[in-house]
Amino acid sequence: LPPSHRLRPPETPACTSHIARRPTSPTTPPLPQKQKQKQKQQPRQLRRPNAPSKGRLTAAKVCQAIAHLQPEGCIVVDESLTSGGTYWDASRLCPPFTHLTLTGGAIGIGPPMALGAAIARPNTRVINFQADGSGMYSLQALWTQARERAHVTTIICNNSRYQILKIEQAKQRLASSGQASKSLTELGRPNISWIKLAEGMGVPATSVKTGEALIAALERSFKTDGPFLIEAII
């Protein structure tokens, strides 16, 4: 070291630290320890949402119907994407269940994940809450569900479009009004028949367009010894 450089004396701290404490307001004294423990022990009040209103189905009604009827302890495989935006709030106070969602940006995980969950837990009802576009990536899982008699209820949210891709287009500020852009995100010409696809693979299926029809279809599916597919037209 140059002669002019001086070391800090060892007894002089380089810095000091202080622990700040939040002052206790005289008007709000701290809770007694027993009262704190009592508050922590209070059980969560469970409350399912009501059944959806009758009439034309919407994505929100599908979320509400599932939360209204899903069995306690069931497994919900959620690849609903844009159709399931209200499911989190709708199911927040439902009896305990397992909620499996996407693990990244890829799509198509729903049907095979539901199959795996049903094989791992054969006595548990699995609900595959499924967007139609991403369901097309792996619909062959329906055949294996039928072969294994897996207890899977698949709800296809049929809005006949890749809505998630339209959202990505908007994020990237890409033109979405042109015919080529529409053709890349719409599921039509020809229309997809989920009933025929399911039945062709050995899975009984039904199509619903109203809230009351969805409730009836869900109740029927939960009584089915094996897989069942519901096409929800939204």
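## Nonpolar cores

In the largest nonpolar core, 23 residues in size, V62, I155, L214 and I230 touch the most other members. A nonpolar core here is a set of buried Ala, Val, Leu, Ile, Met, Phe, Trp, Tyr and Cys residues joined through side-chain atoms within 4.5 Å. Buried means under 20% relative accessible area, with a 1.4 Å probe and protein chains only. At least two residues of this core come from each of α2 (59-69), α3 (87-90), β3 (126-131), β4, α10 (211-222) and β6. Helix α2 gives the most, with five residues. Helices (H or I, at least four residues) and strands (E, at least two) are DSSP runs, numbered from the N terminus.

A second, separate core has eleven residues, including L142, A146, A198 and V203. In soluble globular proteins, nonpolar side chains tend to be buried together.

## Basis of the model

This is a predicted model: local features need pLDDT of at least 70, side-chain atom pairs count only at pLDDT 80 or more, and totals for chains, interfaces and linings use all residues. Residues are numbered from 1 along each chain as its sequence is written, and side-chain values use heavy atoms, with hydrogens and water left out.

## I230 and T154

I230 touches T153, T154, I155, I156, T206, V208, L214, A217, L218 and S221, leaving aside residues up to four places away in sequence. Contact means heavy atoms within 4.5 Å.

T154 lies in strand β4. T154 counts as buried because its relative accessibility is 2%. The C-alpha atoms of T154 and N128 are 4.5 Å apart, although 26 residues separate them along the chain.

## Helix α6

Helix α6 spans residues 141-148, and A141, L142, Q145 and A146 are buried in it. These residues cover an arc of only 145 degrees around the axis, so they sit on the same side of α6. The arc is that of the directions from the helix axis to the C-beta atoms. The buried residues of α6 pack against α4 (110-120), β4 (152-158), α9 (194-200) and β6 (228-233). R149 follows α6 and has a positive phi, near 50 degrees.

## Packing of α4 on α6

The axes of α4 and α6 come within 9 Å and cross at roughly 20 degrees. The two helices are therefore roughly parallel to each other (angles under 35 degrees). Axes are lines fitted to C-alpha atoms, for helices over the stretch in contact, and angles run from 0 to 180 degrees between N-to-C directions. P111, P112, A114, L115 and I119 of α4 meet A141, T144, Q145 and E148 of α6.

Conventions:
Buried < 20%, exposed > 50% of the residue type's maximum accessible area, 1.4 Å probe, protein only. Parallel < 35°, antiparallel > 145°, perpendicular 65-115°, else oblique.
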